[in-house]
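Dear colleague,

My notes on it follow directly after.

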Amino acid sequence: MCGIVGYIGTQSVEALLTTGLHRLEYRGYDSAGVAIVSENGLHIQKKEGKVDALESALGSSALDGTLGIGHTRWATHGPPSDANAHPHANATSDFALVHNGIIENYGAIRDRLKQKGYTFQSQTDTEALVHLIDDVRKETGLPLEEAVRQALTQVVGTYGIALVSADDPDLLIAARKGSPLILGIGDGEYFIGSDAAPLIEHTRQVVYLNDGEMAVLRRAGYEVKTIDNVTLEKEVHELEWSLGEIEKGGYEHFMLKEIMEQPTALEDCMRGRVDLDDNTIVLGGLHDVMDQLRSAERIIICACGTSWHSGLVGEYLIEHFARIPVEVEYASEFRYRKPILNENDVVLVISQSGETADTLAAVREAKQAGVLCLGICNVVGSTIARETDAGVYLHAGPEIGVASTKAFTAQVLVLAMIALKLAEGRTLSRAELAHSLQALAAVPDKVRQVLNMNDELREMANVYRYASNFLYLGRGYNFPVALEGALKLKEISYIHAEGYPAAEMKHGPIALIDRFMPVVFMAMKDSTYDKVVSNIEEVAAREGCVIAITDEGNGELDELCEYVLRIPETEEFLAPLLTVVPLQLLSYHIAVMRGCDVDQPRNLAKSVTVE
């Protein structure tokens, strides 16, 4: 959830750390800090607020040093404050540590250390770990590297840590269990990051640390060991993303940039996979398990947040085309209810980052049960991508805005390709498959047409910016879109919004409807259209304020609605790829007009790596 960056080499480290923290700020932005080792010792500066506040506190006089660590925080233990900000140091400020994760037994560690005379300056679990390392070093006389390793064997919970010491200006230690860390390899220099964002400007060569591994970095080289002190040979990977992809590119916000990138992201997602000449789908990542997937008795999709919504669309897609039963589970609940998994089941997890803690736990639950586990991820080399048996990458490019947009549409597209692949030669004729693939290939250009409605949606946002509540309603494939539209509005504008199946409106929510409550309908002319129109009439009869998204050329709803947004026609199963886009733009413009921080909404972070 938090962001960690570290460096050892020859470059001046302060600007490198603060730039890296800016690029990690979507992971947390309650407070930020750095610890830099120089000839004069260990210097720590930390500040509540965003990285800009840290830079102001650092001032114009740069800290001289070529070794340091930085952290941007999403608060868990203890509210945002200067005292609770990272890094945390031992009592004599010999070494400092930054931490992402939760130390579950920190209370017991803290009590034990207090009895030994340790005092605590913060409310964080991290400070307990710092003092534990210090205590192990004092009790055993071991070098710091070994003290860190032994202290971590006493920790229950999750961590990604980086540590530097004033006593050894040629040492950077990093370790992970449950919280991601990447080691970047340069020429006589090394980097640590929670993800690729702070590294990519400096190197494309990386090593992914796995759970239970610790890296010891020196300017002359590095070594990776297990927490049990077994030396490992690690494969070096090359990053796919470029620096330009993680910058705003002239847009005011990352979210708007990523909304506008969706046509290209969808084209990249299909590239090399949808063959219109042979009318086939090629999913190389699933090739070795396709027979097992086709013979599955049940597919269980596990995900969180926006990915859960795409999973709901996937349920409709796979059941419709492949006729395989599908269940969609909140990953956060999956492992806690003792799920029944049979040998012919398949668990499919979805995560943009590939690091979502609850979704990763679902992977491990499935693996422990011995069932096939597949992943849909956007980040190459992520933990979920490495731990699943097979899967499909989105290839949507980096998504920096906290509110997911292009990842949702790319996930739905991948699920559509999986559904059609499973149906190929079984439940779909060759002609039917060819027709579906042609419709799939046409989607990016149709999304471009929807994006041309941006000015119209900005005008709408000006009308509805002061609303206190929204209701989003859809049926069939567009029910998950209603959920996603409501989530986007809640996330970034802080307006209360709910998504429902349109027919469920009569089972409670209709009591809320009055002329001050906008109700957004997905009303495409599909198999559910007549029923949706009836629901629109029910809202209009109660003086509700109706917004409808429907097909181009449909004028039937004009008299019932305040606004009608007309988008290109497509096949019913592809409608979510189009209907969601106006909802993304409407949420974005309302949030901007309300003065909200669109890319970094309060209390949220991009990648939820702690429970």
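In which hand, left or right, does α9 pass α13? The crossing of α9 with α13 is right-handed; a crossing has this hand if the near helix is turned clockwise from the far one by less than a right angle, and it is left-handed if the turn is anticlockwise.

Before the details, a word on the basis of these notes. This is a predicted model, in which local features need pLDDT of at least 70 and side-chain atom pairs count only at pLDDT 80 or more, while totals for chains, interfaces and linings use all residues. Residues are numbered from 1 along each chain as its sequence is written, and side-chain values use heavy atoms, with hydrogens and water left out. Helices (H or I, at least four residues) and strands (E, at least two) are DSSP runs, numbered from the N terminus.

**Helix pairs**

Helix α9 covers residues 305-322 and helix α13 residues 406-423; their axes come within 9 Å and cross at roughly 20 degrees. Axes here are lines fitted to C-alpha atoms, for helices over the stretch in contact, and angles run from 0 to 180 degrees between N-to-C directions. The two helices are therefore roughly parallel (angles under 35 degrees count as roughly parallel, over 145 as roughly antiparallel, 65 to 115 as roughly perpendicular and the rest as oblique). The contact residues divide into 13 nonpolar, seven polar and no charged. In this count Ala, Val, Leu, Ile, Met, Phe, Trp, Tyr, Cys and Pro are nonpolar, Asp, Glu, Lys and Arg are charged, and the others, Gly among them, are polar.

A second pair consists of helix α7 (residues 262-270) and helix α14 (residues 430-451), whose axes lie 8 Å apart at an angle of about 170 degrees. α7 and α14 are therefore roughly antiparallel to each other. Their contact includes Leu-266, Glu-267 and Met-270 of α7, and Val-443, Val-447 and Arg-448 of α14. Here the contact residues comprise nine nonpolar, two polar and two charged.

**The five-stranded sheet**

Five strands form an open sheet with parallel pairing, in the order β24-β23-β25-β26-β27. Two strands pair if DSSP finds at least two bridges between them. β24 (496-501) and β27 (563-567) are the edge strands, each with a single partner, so one side of each has no neighbour in the sheet. On average, neighbouring strands of this sheet are turned by 15 degrees against each other, direction ignored. Five bridges link β26 (residues 545-551) to β27 in the parallel sense, and Asp-551 has Ile-567 of β27 as its bridge partner.

Two helices may be noted on this sheet. Helix α15 (residues 454-464) touches β23 (469-474), β25 (518-522), β26 and β27, and its direction makes about 155 degrees with that of β27. Helix α17 (residues 529-541) lies across β25 and β26, at about 170 degrees to β25.

**The eight-stranded sheet**

An open sheet of eight strands has antiparallel pairing and the order β3-β2-β4-β1-β10-β9-β11-β15. Its edges are β3 (41-48) and β15 (237-238); each has a single partner strand, so one side of each is left without a neighbour in the sheet. β11 (residues 205-208) and β15 are joined by two bridges, and Val-206 is partnered by His-237 of β15.

Helix α1 (residues 13-24) lies across β1 (3-8), β2 (31-38), β4 (67-73) and β10, at about 155 degrees to β1. Helix α2 (residues 51-58) lies across β2, β3 and β4, at about 135 degrees to β3.

**Individual residues**

The whole structure holds eight aromatic pairs, that is, rings of Phe, Tyr and Trp (its six-membered ring) with centres within 6.5 Å; planes under 30 degrees apart count as stacked, over 60 as edge-to-face and the rest as tilted. Tyr-190 and Tyr-222 have ring centres 5.5 Å apart and planes at 65 degrees, so this pair is edge-to-face. Tyr-190 is in β10 and Tyr-222 in β13, 32 residues apart.

The peptide bond from His-86 to Pro-87 is cis, with omega near 5 degrees, and Pro-87 is in the loop between β4 and β5.

With kind regards

Definitions and conventions
Contact means heavy atoms within 4.5 Å.
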